Amino acid sequence: MAPTPSADPRRRVLVIDDEPYIGRIIQLKLETGPYAVEVYQDGAAALERLRTADPVDLILLDIMMPRLSGFEVLTELRRLPGRGDTPVIMLTAKGHGTDREQAAALGASDFLTKPFSPKKLLARIDEIFAA
Ligand SMILES: [Mg+2]
């Protein structure tokens, strides 16, 4: 039997960032658009969520986090069934080229340096889904 489609037509976006403030501003901005946002402050909790069958359309992933780093979370999530092609935008306070290379090598779709404009983030996500 086919799974029952969710009644909520919005795209599901996961934000994984250890700073609650970042998750909150992203959530407030994206939810002005056609997105439902779930915020996680810990990579392990986010991976637990990603192991469920619940759809996820896009992930915003901080690199610098205690315990699991964004790179570790990305490596792990790419191994999960059905999550190999989920767009992942990495967030970092550093603009280091090596971070960017490592993120791309691990299968990140995009890379955003903090501080970023929530308005531009929303526009970029709109573009990803319009493509
Ligand atoms: Mg952080």
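Start by selecting α3: in this predicted model, what covers its buried residues includes β1, α2, β3, β4 and α4 (97-105). The buried residues of α3 are G70, F71, V73, L74 and L77. Turn the view to look down the axis of α3: these residues fall within an arc of 160°, so they line one face of the helix.

Next, the sheet. Select the five strands, which form an open sheet with parallel pairing, in the order β2-β1-β3-β4-β5. At the edges are β2 and β5 (110-113), each of which pairs on one side only. On average, neighbouring strands are turned by 20° against each other, direction ignored.

Four bridges join β4 and β5 in the parallel sense. To find one of the bridge pairs, select I89 and its partner in β5, D110.

Then show the nonpolar core. The largest one has 29 residues. Within it, V13, L14, I16, I59, L60, L61 and M90 have the most contacts. Colour by element to see where the core comes from: β1 (11-16), α1 (20-30), β2 (35-40), α2 (43-50), β3 (58-62), α3 (70-78) and β4 (88-92) each give two or more residues to it. In soluble globular proteins, nonpolar side chains tend to be buried together.

Terms used: Residues are numbered from 1 along each chain as its sequence is written. This is a predicted model: local features need pLDDT of at least 70, side-chain atom pairs count only at pLDDT 80 or more; totals for chains, interfaces and linings use all residues. A nonpolar core is a set of buried Ala, Val, Leu, Ile, Met, Phe, Trp, Tyr and Cys residues joined through C-beta atoms within 7 Å. A residue is buried if 20 or more other C-beta atoms lie within 10 Å of its own, exposed if 12 or fewer, and partly exposed in between; C-beta atoms are placed from the backbone. Two strands pair if DSSP finds at least two bridges between them. Axes are lines fitted to C-alpha atoms, for helices over the stretch in contact, and angles run from 0 to 180 degrees between N-to-C directions. The arc is that of the directions from the helix axis to the C-beta atoms. Two residues are in contact if their C-beta atoms, placed from the backbone, lie within 7 Å.
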